[in-house]
Structures are given as C-alpha cells and as structure tokens.
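Subject: Handover of a structure

Dear colleague,

Please find below the structure that I am handing over to you. I would be grateful if you read the notes after it with the structure open beside them.

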Amino acid sequence: MSFREWLRGLWGTKSSSATSKATAQPEVPGKVEGSPATRPVPPAHQRVEHLLPLRWSLYYALAKSEWAELRQRHREQHPAQERCSCPNGCRTNTLDELWTYDSPSATKRFLGGQWLCPGCHWLKSPTWRLETWIKEQQGILPPLTKPPHIIDCLGWTPRMVAELRAQDLVDAERQKNKLRELQRHQQRGEVLMVPCPWRRLPPPQRRALVRTGKRIVMIWDVDLSELSKLGYTTVEVNRFTRKMLDLGRTRMQGDLR
Ligand SMILES: [Zn+2]
Ligand SMILES: [Zn+2]
C-alpha cells in the first residue's frame, strides 16, 4: 500500500472519502430526491444554502461521561484495534468519528468510529491542526521532545508540513470571513439564518419562511441511527441528536472560533 493510499484509507470508508471536510461554507443543495413529504429543503424557487458548522461532532456535543461511555462501547466491539494503520503501527488511544456528508439531503451521517494514534488523529482533524498552528504562532506551543509523528512516522517533509499549515490557516480565515459576511447579511435582513433542518421545522414555520421569499441559510441535518449498532436505544439516539442540533445552533449563531 502506498503512502497516499494509506492516507486515503485513514479518511474513512468509501462513502466518506470525498467528504471528510468540515467546512463552514454554505453548500447549495443539488437536486433533491425523495417524495415531497420527505424533502429536506424548501421549494425550488427559494434560495437555500446549507451551513455545515465547524467542530460539530459527538465529541463536542456529548457530556464527558457520555463520550467516555461511547468510547467504551466502541472499544468493547472492536477489541483488536490496538495498533493504528500508520507505518509504525503506533498505539491507538483516540476514537475518531467517521461521518459521511450527503449533499443532496444536506445530512451529516454518523458511520461509526475508528481508533487512531494521536498523531494520525491530529492530522485528520482540521480543528486540532488549527489549534496547533495558532499556538505555534502565539509562541505557546510546548517545545517538542521528539520529532513530530507527521514527520517521524508518516514521513512528511518539513516543507509538506509547512504547506499544510499555510493551507489550514487560509481555509480557516476564509471560513471565518464567510460566516461574518453571512451574519452581516442577516443583520441587514437580506438573509434568514435558520438553525434547524427543514424537515425538523414545524409546518407553520416552514410556510412562514417560504412566504418571506428571502434567501435562507439553514443548518445541515444529522443522522445518528448507526449508534444503535453500539447498543443505543432510539430514545438515546434521539437525545444525542438533539444535543448535536443544539450545538449546531450555537455554532451557527455566532460561535466563530
Ligand atoms: Zn497512526
Ligand atoms: Zn504512527
């Protein structure tokens, strides 16, 4: 397996391969399939974009104890995953959430988890990388005691790391500007920010939104049904879904960090 293939594999299953991004950029939905009753977006004449918040995952949404419990259940089901798939087979100790992003329905779907070593998890997590770059810029990153995993195990050159850093910082700035711009448009009444997926809105609210004829920016929906494979009941899945949607609302309403 080549390094590139391995890196691709790290990003998850086929269905999530092109979609591991976590951007705060609105996406214009494509053609929507399904019957009108299950359509997740408003009528075609309404301008609708979907916002995918940053740092929007179970790790951030759940209480610490709930996350620990999820990790535990996952570990029990996958007891063999002690070694990461990186070249040195480093010890795994962090659970990475695998998601797939279905643009037509603007739904972020939980697929499960994979155990990674901290170095691989860091590389796979844009948020975590950004934290590192910012600390580095601020001069508050603790001095390295050994070569970083990205170089030592994954074989990146310092130049590749520098390019990643530059790209991450550009992306973060772009996302921030995009959200700020949206908020300005919202303040001027040109756009309606709707922090609730269309299909979860009560019908009267949907009708009211359609009547405004305004451009709508709506949050992505979330699907956690896969959690049932870890033994979670429908009630628990619904509760976690609510927590995700609550966090999404917070993120959408001005949490620009
Ligand atoms: Zn690894
Ligand atoms: Zn490694």
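The notes below describe what was found.

This is a predicted model, in which local features need pLDDT of at least 70 and side-chain atom pairs count only at pLDDT 80 or more, while totals for chains, interfaces and linings use all residues. Residues are numbered from 1 along each chain as its sequence is written, and chains are lettered from A and ligands numbered from 1 in the order in which they are written.

Confidence comes first. The pLDDT is the predictor's confidence in each residue, from 0 to 100. Its mean over the chain is 83, and 81% of the residues reach 70 or more. Over residues 1–38, however, pLDDT stays under 50. For this stretch the model has 64 contacts beyond four places in sequence, a contact being two residues whose C-beta atoms, placed from the backbone, lie within 7 Å.

Next come the strands and helices. Helices (H or I, at least four residues) and strands (E, at least two) are DSSP runs, numbered from the N terminus. Two strands pair if DSSP finds at least two bridges between them.

An open sheet is formed by three strands in the order β2-β3-β6, with mixed pairing. β2 (94–102) and β6 (221–223) are at the edges with a single partner strand each, so one side of each has no neighbour in the sheet. On average, neighbouring strands of this sheet are turned by 40° against each other, direction ignored; the axes are lines fitted to C-alpha atoms, for helices over the stretch in contact, and angles run from 0 to 180 degrees between N-to-C directions. Strand β3 (residues 107–116) runs parallel to β6 and is joined to it by three bridges. R109 has D223 in β6 as its bridge partner.

Strands β4 (residues 191–194) and β5 (residues 215–219) also run parallel, joined by four bridges. Here V194 stands opposite M218 in β5. Together with helix α8 (residues 203–212), β4 and β5 make a right-handed β-α-β unit. Right-handed means that, with the strands pointing away from the viewer, the path from the first strand over the helix to the second runs clockwise.

Finally, a point about the backbone. A106 is not a glycine, yet has a positive phi of about 50°. A106 lies in the loop between β2 and β3. Is A106 buried or exposed? A106 is buried, because 27 other C-beta atoms lie within 10 Å; the cut-offs are 20 or more for buried, 12 or fewer for exposed, and partly exposed in between, with C-beta atoms placed from the backbone.

Yours sincerely
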